[in-house]
Amino acid sequence: MNKFTKVAASALAIVGVALSLTTVTYAANNTNVTQTINSGTLVTDIRDASRVTVASPTFAMAGTTFSFNCQTTTGTIGSASQRLYVDNPGAANAGYTLTLAATAGATGLWNNAGVSQSFDFNDPTTAGCTDGADADAKGGQLTVDPAAATLTADCSSCTVTGITKGTATAYSQAVTDSVTLLTAAAGSDDVGRWYLTGIGLSQAIPGEQPNDSYTINLTATVTAS
Amino acid sequence: MRTILAGLLAIGIVIAIPAAAFAESGSIGGRPAQPDPSNSRTKSIFVKTIAPNATVNDVVEVVNNTNVKKTIAVYATDSVVSSGGAFACAQMADGLNNVGKWITLSQNSVEVPAYESVKVPFTITAPSNAEPGEQNGCINIQEQKNTEFQSGVALSFRTAIRVAILVPGDIKKEITPQSISVVEKSDKLILSPSVKNTGNVSVDADITTTVRSLFGTVQSTQTSTFPVLRGEVTDWNFEVAKPFWGGLYNASFSATYDSSSNFIGDNNNKVPKTIDGQSKLVFVTPSLIAFLIEFTLFVGIIVGAYYLYRYLSHKKNVKTWVNYKVKANDNLETIAMKKAISWKLLARENSIKAPYILQEDQSIKVPGKVNAKKPSKTKK
C-alpha cells in the first residue's frame with residue numbers, strides 16, 4: 001500500500017467514524033420515529049437516464065441548406081438522455097392526457113434569435129409550403145408523430161396497459177392547435193411513471209426561407225381526466 | 001501536497017456519492033385542495049354545478065416537491081380539444097373566451113418553498129348566458145423561468161387541472177359510434193375506434209375492441225375507459241398482438257356508458273347503455289414463422305394432391321387400359337399418337353424409363369378407347 005492510498009483510506013475511515021457518531025447522536029434523541037410521505041402530483045418533464053430533470057430541454061431538427069423550393073426537416077422529441085416523463089403518483093385515478101402545443105398559441109412561429117425571420121408551424125396550405133389565409137404571412141407546418149414513439153413503464157409495479165399513443169398529426173391553425181401524445185384510460189395504473197422517446201417531428205419549410213437558426217417553444221401539458 | 005490532495009479527493013468522493021444517489025426529478029404540480037369525499041374524481045379535477053349568475057369558491061393547492069424554492073405561475077385558461085378528441089388546455093397566450101374567463105384566482109404567481117405547498121383560493125362565476133350542459137376550463141401550474149434562445153424545439157412543461165362545470169338545464173347524454181380503422185404495424189395491430197358525443201355533457205365510456213376469426217373465435221379483446229368530450233369525435237389507438245397465423249379477421253368495437261343524469265364522478269343509480277360500433281373485415285399478414293409453416297404446408301398439399309391424382313389416375317388406367325403388342329417400327333410416340341394420349345403418360349403407366357426403347361412383340365398397356373383430345377406435346 002503506497003502513501004497515497006494509505007492517506008485516502010485514512011480519510012475515508014475518519015469520515016465513516018464521523019458519520020457513525022452523528023447517527024448515534026440523532027438516534028439517542030428520537031425514541032419515537034415518525035415518517036410522512038407527502039402525496040405527489042401529476043407531472044411531466046424531461047429527464048436524463050438517471051431520472052434527473054433536464055433544465056432547458058431542446059431538440060434539434062436536422063440541418064438543412066437554403067433552398068428555393070419547399071423542403072422538410074425532421075427531428076425527434078425524446079432520446080435515451082432526454083426522456084419525456086409522466087409521473088402519476090396516484091394523483092389521476094381516472095387517467096390523464098399528455099398534449100403538446102405551441103407556447104405562443106395558435107399564432108406562434110419559428111423565430112430566429114432576433115425575431116427578424118420566421119416561418120409558420122400550423123399553416124396547412126399546400127402541406128405547409130405556402131402561406132394560407134391565416135393572419136400571418138408565413139408558410140410552414142409541423143407534424144408530430146407520437147405513434148412512432150416508444151412508451152416505457154419505469155417503475156417496478158406499473159405497465160403501459162391502458163395507455164394509448166396519439167396519431168401522427170399536423171398542426172393546423174384553429175383546427176388542430178394541440179397534439180395528443182398520450183391518453184391514459186381510467187384503468188391504467190393509478191401509480192406509475194412512464195417515459196416517451198422517439199416522438200417524430202417533421203417541419204415543412206417554405207422555399208426561400210433565409211438561412212438562420214430558428215426555434216419554437218412547445219409546452220407539454222399533463223391533465224387529469 | 002500530493003498527500004493532502006489525495007485526502008481531499010477521498011472526502012470529496014464520500015460527500016458526492018449521496019448527492020448523486022438522491023438527485024431526483026423535479027415535481028411541480030397541483031391538485032384540488034378541498035376534494036368532495038363523496039366524489040373521488042374531485043381529488044384530481046374540479047367538478048362543479050353552477051347555475052348562470054352563480055358563484056362558487058374553491059382552492060387549488062400548488063405543490064413544490066423539489067428541493068429548492070420555486071416561483072410558480074397559476075393561471076386559468078379555456079379548454080381546447082386536442083387531436084383525437086382528447087381534453088387539453090389552451091395556452092396562456094390564447095386569451096380567455098369561455099370558462100377560463102369565469103375563473104378568478106386570488107394570485108397568479110406564488111413562491112413555494114422546497115417540499116411545501118401553497119393554497120390559492122379562486123372563484124368561478126357562470127355568466128348569465130352560460131349554455132346548459134358541460135363547460136370545461138383549466139387551472140394551470142407552471143414554473144416561471146427565463147428561457148434562452150436555443151435552435152430547435154424548446155420544451156416547457158405544466159400541469160393542468162381540469163375544471164368541469166355543469167350548467168343546469170336541458171341535459172343530453174349520448175354518444176354514437178363512428179368507425180373503426182385497423183393498421184398493421186410490425187407485430188401489432190392498431191385498432192382505432194371512434195365515437196361521437198352527440199349530447200351536451202362529457203361521457204366516460206368503456207371502449208371495447210375485439211378481434212375475431214371468421215369462425216367467431218375471439219383473438220384479442222381490450223377494454224379501457226376514456227372520456228368523450230361534449231360535441232367531439234374521439235378516437236383511440238388500441239395496440240393488440242397480431243394474430244400469429246394471419247388471414248382474414250373481423251375487428252369490431254362497442255362502447256358502454258352511464259346514460260343516467262349523473263355528472264362526472266357520480267356513481268349513484270347508474271343506467272349502463274351499450275352501443276355497438278361497426279365491424280371491419282381485415283386481412284392480417286402472418287408472422288414470418290407462421291408464413292414459413294403455412295407455405296410448407298401449402299406446397300405439401302399441392303405435391304400431395306398431385307401424387308394422389310397420379311395414383312388415382314394410374315388405378316383407373318389399370319382397370320380400363322388393354323394389352324397391346326408392339327409392332328415393328330412402333331415407338332412410344334407413334335403408339336401415343338394413335339391412342340391420342342401423351343407419350344409420357346404411356347411411358348409412365350408402363351414403367352418405361354429413358355431411353356424409352358420398345359421391343360417388337362413387347363406387351364404394353366394402352367387405352368381401350370381413343371381419347372377425343374389429341375396430346376399437346378410430342379416426343380422430340
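The legends below describe close-up views of a predicted two-chain model.

Residues are numbered from 1 along each chain as its sequence is written, and chains are lettered from A and ligands numbered from 1 in the order in which they are written. Because this is a predicted model, local features need pLDDT of at least 70 and side-chain atom pairs count only at pLDDT 80 or more, whereas totals for chains, interfaces and linings use all residues.

**View 1. Chain B, with five helices and 20 strands.** Helices (H or I, at least four residues) and strands (E, at least two) are DSSP runs, numbered from the N terminus. The radius of gyration of chain B, taken over C-alpha atoms, is 39 Å, well over the 21 Å that the globule rule gives for 380 residues, so chain B is more spread out than a compact globule; that rule is 2.2 Å times the number of residues to the power 0.38. The C-alpha trace of chain B spans about 120 × 85 × 40 Å along its principal axes. Of the 380 residues in chain B, 32% are buried, where buried stands for 20 or more other C-beta atoms, placed from the backbone, within 10 Å of the residue's own.

**View 2. The contact between chain A and chain B.** Two residues are in contact if their C-beta atoms, placed from the backbone, lie within 7 Å, and on this basis chain A supplies 73 residues and chain B 59 residues. On the side of chain A that touches chain B, strand β15(A) (residues 214-224) gives the most, with 11 residues. β15(A) pairs in the parallel sense with strand β10(B) (residues 152-167) over nine bridges, pairing being assigned if DSSP finds at least two bridges between two strands. Within this arrangement A:Leu218 stands opposite B:Leu155.

**View 3. Strand β14(A) and its partners.** Five of the seven residues of β14(A) (residues 199-205) are buried, so this strand is largely enclosed by the rest of the structure. Strand β3(A) (residues 71-77) runs antiparallel to β14(A) and is joined to it by seven bridges, with A:Ile77 opposite A:Ile199. Strand β8(A) (residues 141-145) is also antiparallel to β14(A), through five bridges, and here A:Leu142 has A:Gln203 as its bridge partner.

**View 4. The largest nonpolar core, of 106 residues.** A nonpolar core is a set of buried Ala, Val, Leu, Ile, Met, Phe, Trp, Tyr and Cys residues joined through C-beta atoms within 7 Å. The members that touch the most other members are B:Val62, B:Ile161, B:Val163 and B:Ala205, and β10(B) contributes the largest share of this core, 10 residues. Leaving aside neighbours within four places in sequence, the contacts of B:Ala205 include B:Ile175, B:Val195, B:Phe226 and B:Tyr257. A second, separate core of five residues includes B:Leu332, B:Ala336, B:Ile341 and B:Leu346.

**View 5. Helix α3(B), residues 288-320.** The 33 residues of α3(B) reach 48 Å from the first C-alpha to the last, close to the 48 Å expected at 1.5 Å a residue, the expected span being 1.5 Å times one less than the number of residues in the helix. The number of buried residues in α3(B) is zero, so this helix lies largely in the open.

Technical notes. A residue is buried if 20 or more other C-beta atoms lie within 10 Å of its own, exposed if 12 or fewer, and partly exposed in between; C-beta atoms are placed from the backbone.
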